[in-house]
Amino acid sequence: MRRSEERKLSALYAASLKAALERCAAGRWGLFGHNDRALAGVGRRLRTRLSSPEVDELLELGSQIDKLRSKLGYPEPFALHERLMRMRASSNANSVGEPKLAREWLDDMLA
């Protein structure tokens, strides 16, 4: 049962990630967290308005999948979520913009 649950959650994550990448490639920032530090310094109302609940849900789902994979004894983390988290952690002043990153990832998925 747990392995089928992991497969279902992984498929849901992949579909959610693809939709998030498409929104980001179209100009909606937030998926890669490039503005998270700046948003931390604004008021709660503005931060709520600019935040992306879809991204929060995607990050939570990825964490759940990683925990389930760990319980199932999989030696490696969930690759899609691991890649997203690596990309979110690697932003700096010289980083490529989020829409371009999203477009590159979508192109990789289609290749």
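A residue is called buried here when its relative accessible area is under 20%, and by that criterion buried residues make up 31% of the 111 residues in the chain. The model is a predicted one, and its secondary structure comes to six helices and zero strands.

**The chain as a whole**

- Read from the N terminus on, the elements of the chain follow the order α-α-α-α-α-α.
- The C-alpha trace of the chain spans about 45 × 35 × 20 Å along its principal axes.
- The chain has an accessible surface of about 7,200 Å², and carbon and sulfur atoms account for 53% of that surface.
- Of the contacts in the chain with a separation of 6 or more, 76% are between residues 24 or more positions apart.

**How α5 and α6 are arranged**

- Two packed helices are described by the angle between their axes and by the distance between those axes.
- Helix α5 covers residues 79–89 and helix α6 covers residues 98–110, and their axes come within 13 Å of each other and cross at roughly 155°.
- Because angles over 145 degrees count as roughly antiparallel, α5 is roughly antiparallel to α6.
- The crossing in which α5 passes α6 is right-handed.

**Where α5 and α6 meet**

- On the α5 side the contact involves Leu80, Arg83, Leu84 and Met87, which meet Leu101, Trp105 and Asp108 of α6.
- The residues of this contact between α5 and α6 divide into five nonpolar and two charged, with no polar ones.

Terms used
Residues numbered from 1 in each chain as written. Predicted model: local features only at pLDDT ≥ 70, side-chain atom pairs only at ≥ 80, totals over all residues. Heavy atoms only, no water. Axes fitted to C-alpha atoms, helices over the stretch in contact; angles between N-to-C directions. Helix = DSSP H or I, 4+ residues; strand = E, 2+ residues; numbered from the N terminus. Parallel < 35°, antiparallel > 145°, perpendicular 65-115°, else oblique. Left-handed = near helix turned anticlockwise from the far one by under 90°. Contact = heavy atoms within 4.5 Å. Nonpolar A, V, L, I, M, F, W, Y, C, P; charged D, E, K, R; others polar. Buried < 20%, exposed > 50% of the residue type's maximum accessible area, 1.4 Å probe, protein only. Areas by Shrake-Rupley, 256 points an atom, 1.4 Å probe, with all protein chains shown as cover.
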